[in-house]
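I am opening the notebook on this structure. I will jot down each thing as I look it up.

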Amino acid sequence: MTPRHTASRARQTFLLALVLAATPASRVTAQADSTRPFVRGGVYDKPYQARLLGRTAIGGYAEAHARYERVDGATDEMGFVAKRFNLFTSTRVSDFVRMAAELEFEEGGEEVKLEYAAIDLRIHAALTIRGGMLLSPLGRFNLSHDSPLNEFTDRPLVSTEVLGVALSEPGFGVLGQAAIGRQGRVTWEAYLTNGFHDGLVANSAEGTRIPLGRGNIEDQNASPAVVGRLAWSPRVGMELGISGHHGAWNAFTVEGTPVDERRDLTISVLDGELSVAGIRVSGEAALARIDIPPGLAGTYASRQAGWFLDLARDFGAGLIPTAPGSLFTLKARIDAIDLDTEAVGHHVRQAGLGINFRPTSESVVKLDFVRGWRFDPFNNRSDFARLLASFATYF
Amino acid sequence: MGMPNLFRGLSGIPVGLALLLQAGCSDLLTSTPDSGDQLDSPLEGLSATERAAFVRGDEEFARRFSPATGLGPIFNDVSCAACHSADGRGRPGNALSRIGTPDEDMLRSWGGPQIQNRAIPGALAEVVPAGVHVSVRLPPPVFAAGLIEAIPEATIIANADPDDLDGDGISGRVNWVVPPPWVPGTEPGAGPEPRVGRFGRKAQTTSILQQTVEAYLQDMGITTDFLPDENRNPLAGHAHDAADRIGDPEVPAGTVFAVVNYLRLLAPPAPGGPTAARALGEQLFAATGCAACHVPQLQTGPHPIGALAHQGVTLYSDLLLHDMGDALADHRPDGDADGREWRTTPLWGLRMIRAYLNGDAFLLHDGRARTIEEAILLHGGEAQRSRDLFAGLSPADRAALLDFVGSR
């Protein structure tokens, strides 16, 4: 069996597994709670959108940082960043068709990116067809990463360094949900996408870097990748998700001519969130396997992994008389990535603490302290610390 | 207004955090390691311009290449820093394989003199041909290269005794090397005539610039203004030539000079503090004859960089070639050095070797020795007598000598 056939079979198996897993059991009904967003904070769960001509909503969010970072006792950064200015829109074209888009201006406009632009054709609660520039359902954080929602200023390491959040790619696929009991539900998404390109190796000066393989706007190998997520939520505020990506990252065939061996990237992600005693707990763990050419073995990683765990506890609701909707949040995060699980070093660990103030639910002022340890490929340790202040607000 | 219960319960946390910050601010915000414990510190006494050059060179030394920036087509690793741990020694995973002798034209048609065991996509990595003798060489430390460069040739020659006229059994000699013509005449160690080789395991290189340019090409597959032609696997077909799509030269001379300046301005780590045992060890180091080759200190001469001029360089090496016996022989001549000869390895920095190799110590040219004692006992040839004297020491004296060497 050729590698291509093997990969094709793997994709079929993956899709079949998703469909089977999502098949309603006896207690499952197809109609989920229609008021509950598909993903909290996701594409169609944005606040502060203004309506134009009745059916098009617009909005966005902005984010600014003040950053102080020290590495091994020396100041590495003390400055300000106009981090993001994102515009989004959504349109309910009809009862069956809707469309949403998000345009991102990052780092003071140095990077401009169409992060999301997809059309949904809703056939049933259990079946919506989606196509366009998608947010890959690879971990929950990628689906809901707006800065005003995040408790911490910086995104988790596993999200930025392993998964490449925000990860959006052109693709087509399906999504849907089904209720389980009175409060529970299952949601699923599965898409065929262009996948990653060889920039994850060719453009990377730091060994394998999956985020550098993003932006495969034009297919390069005539072999779609498959990405999907299955999430089970027994009640609001509690969810467990499993997701994965599998696809070739190299141009192993050009116009039908095989020019290389097929090399796959497989990413598995486990995510979860719950609320216990007023403490919101969320986290993700990811494992990536990258089929690296033999000539690069030892310098480019073939396995990467990472995880984070966030804890947040609200307090002081309405404490400020002039802002009755205000809220404080204490937060903590532990965070680790291993950029080459087969190397003795090449990993990063960090822990963060902080406090947030939300004058209203749409805006947040964040104060973070992060202390971390970076290990080079020889396992030499470098210490870093960050003090961050940031504003983020929907508008 | 009363404090909400929830808030009251948590109000101690920010106070505790503030106290914690006050108590251990330097630890929380990281602290600077002692520069004497680091291998990548600049020399003391540099001017602001020299420090700026150091910083720029540091960035280039750490710069990792990718296929998109010129890496390959064949290579050993992706950056200077990828081989030299924190500017110190490498480990066996970074070892280079050298093959061929001048009689065999360095086995160039098989990929010699250095095997590039990695390749970018589309290119073919080299492999050591079956049945060929291999000289394995670990990356040496690169710190204080400028101090070594600033030692006058006459100072090195003065310690040479190629015919052992003093009858001490030690006959160190100079590896006379003709510098390649592309080394600018302005660089120390350049010129059309043979010069004193002082860099490399066999002192086969005369200048930091030559060492740097050849490492760019041989180790990383990066062409420069000095060596603008790619290093290719001679056993790979022409189709593989298309793999490297970056025009040559891939880095300009200015980048090379930045790295050369960085290496030139690196300071050596400080030795450990004096103790009674180390004082005894130092005496035994001299008494056993170790110091005859591992000369404790050489002196630099005049130099345009003030921090390099007229400095005592406590490197514990005479920078000369010595017959090291059968156990260490690689049977591979390099320039004027024969297959049993090696340049006396400087001992400075041994104190920090385990700190930068994840607790390990890979000693000797190929890293086979894991302790200083093991390395000493592998000495032979001209060092046989010293080795035997060391082996005959009492356990306490032996420990003192090892403590002294390990504290350099």
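I began with what helix 7 of chain B packs against. Its buried residues pack against strand 1 (74-75), strand 3 (114-115), helix 5 and helix 8 (253-265) of chain B. I keep in mind that this is a predicted model.

Next I looked up how much of helix 7 of chain B is buried. The count is 12 of the 13 residues, so the helix is largely enclosed by the rest of the structure. I listed the buried residues; among them are Ile208(B), Leu209(B), Val213(B), Tyr216(B), Leu217(B) and Met220(B). Gln210(B), Gln211(B), Thr212(B), Gln218(B) and Asp219(B) are also on the buried list.

I then checked the length of helix 7 of chain B, residues 208-220. At 1.5 Å a residue, its 13 residues should span 18 Å. The end C-alpha atoms are 17 Å apart, which agrees. Just after the helix I noted Gly221(B), with a positive phi of about 70 degrees.

**Domains of chain B**

I looked up the division of chain B. Domain 1 covers 36-265 and domain 2 covers 276-406. Taken over C-alpha atoms, the centres of these two domains are separated by 22 Å. I found 50 residues of domain 1 of chain B in contact with 43 residues of domain 2 of chain B.

Which elements of domain 1 of chain B each supply at least two residues of the side that touches domain 2 of chain B? I noted strand 5 (134-137), helix 5 (145-149), helix 6 (153-158) and strand 6 (176-177). Helix 5 of chain B was already in my notes, as a packing partner of the buried residues of helix 7. By class, that side of domain 1 has 23 nonpolar, 15 polar and 12 charged residues.

**Chain A against chain B**

I turned to the contact between the chains. Chain A gives 32 residues and chain B gives 34 residues. On the side of chain A, strand 3 (56-71), helix 4 (199-202), strand 18 (347-358) and strand 20 (381-394) give two or more residues. Strand 20 of chain A has the largest share, three residues. I sorted the residues of this side by class: 17 are nonpolar, 10 polar and five charged.

**Arg280(A)**

Last, I picked one residue. Arg280(A) is found in strand 15 (residues 279-290) of chain A. Leaving out residues up to four places away in sequence, Arg280(A) touches Ser275(A) and Ala312(A). I also looked up Ala50(A): it lies 230 residues from Arg280(A) in sequence and 30 Å away in space, C-alpha to C-alpha.

Key: Residues numbered from 1 in each chain as written. Chains lettered and ligands numbered in written order. Predicted model: local features only at pLDDT ≥ 70, side-chain atom pairs only at ≥ 80, totals over all residues. Domains from an automatic or database assignment. Contact = placed C-beta atoms within 7 Å. Helix = DSSP H or I, 4+ residues; strand = E, 2+ residues; numbered from the N terminus. Nonpolar A, V, L, I, M, F, W, Y, C, P; charged D, E, K, R; others polar. Expected span 1.5 Å × (residues − 1). Buried ≥ 20, exposed ≤ 12 C-beta atoms within 10 Å, placed from the backbone.
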